Amino acid sequence: GGSEMCIRDSSVGDFPCNQFASRYFNGGGHKNASGGEFYGSLADAVAVFEKGLEEFNPNKTEDLDKHD
């Protein structure tokens, strides 16, 4: 089963959490503070979050520009 969840995220530095929230959680906001929503189980939300981190790769700043 699943339910609606509110997702809040924040970052420090160059990680664009607003783009992350937009792409993976139907949300948005500011570069370093944003949020969104997710419909499903907590396990599914964690899986989407982890997939997003792999794709955005916050440890490689040169990859961030491709998400604009």
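## Overall architecture

The secondary structure of the protein chain comes to 2 helices and 3 strands, where helices (H or I, at least four residues) and strands (E, at least two) are DSSP runs numbered from the N terminus. From the N terminus on, these elements follow the order β-α-β-β-α. This is a predicted model, in which local features need pLDDT of at least 70 and side-chain atom pairs count only at pLDDT 80 or more, while totals for chains, interfaces and linings use all residues. Residues are numbered from 1 along each chain as its sequence is written, and side-chain values use heavy atoms, with hydrogens and water left out.

## Burial, surface and contacts

Of the 68 residues in the protein chain, 31% are buried; buried means under 20% relative accessible area, exposed over 50%, and partly exposed in between (1.4 Å probe, protein chains only). The protein chain exposes about 4,500 Å², of which carbon and sulfur atoms supply 49%. These areas come from the Shrake-Rupley method with a 1.4 Å probe, and for residues only the protein chains shown count as cover.

A contact requires heavy atoms within 4.5 Å. Among contacts between residues at least 6 apart in sequence, 49% join residues at least 24 apart.

## The buried face of helix α1

Helix α1 has as its buried residues Cys17, Asn18, Phe20, Ala21, Tyr24 and Phe25. Viewed down the axis of α1, they fall within an arc of 160 degrees, so they line one face of the helix; the arc is that of the directions from the helix axis to the C-beta atoms. The buried residues of α1 pack against β1, β2, β3 and α2. Just after α1, asparagine 26 adopts a positive phi of about 50 degrees.

## Phenylalanine 49 in helix α2

Phenylalanine 49 belongs to helix α2 (residues 42-56). Its relative accessible area is 36%, which means that phenylalanine 49 is partly exposed. Not counting residues up to four places away in sequence, phenylalanine 49 touches Phe20 and Phe25, both of which are among the buried residues of α1. Phenylalanine 49 and phenylalanine 20 are 29 residues apart in sequence, and their C-alpha atoms are 9.0 Å apart in space.

## Salt bridges

Side chains of opposite charge can pair when their charged atoms come close. With a salt bridge defined as a side-chain nitrogen of Lys or Arg within 4 Å of a carboxyl oxygen of Asp or Glu, the count comes to 3 salt bridges. One of them joins the side chains of aspartate 14 and lysine 31 (3.7 Å, N to O). Aspartate 14 lies in the loop between β1 (3-10) and α1 (17-25), and lysine 31 in the loop between β2 (28-30) and β3 (33-40), so the pair ties together parts that are 17 residues apart in sequence. Lysine 31 is partly exposed, at a relative accessible area of 38%.

Arg23, Lys51 and Glu55 are linked in a network of salt bridges. Because glutamate 55 and lysine 51 are 4 residues apart in helix α2, they are separated by about one helical turn. Glutamate 55 is partly exposed, with a relative accessible area of 28%, and lysine 51 is likewise partly exposed, with a value of 47%.
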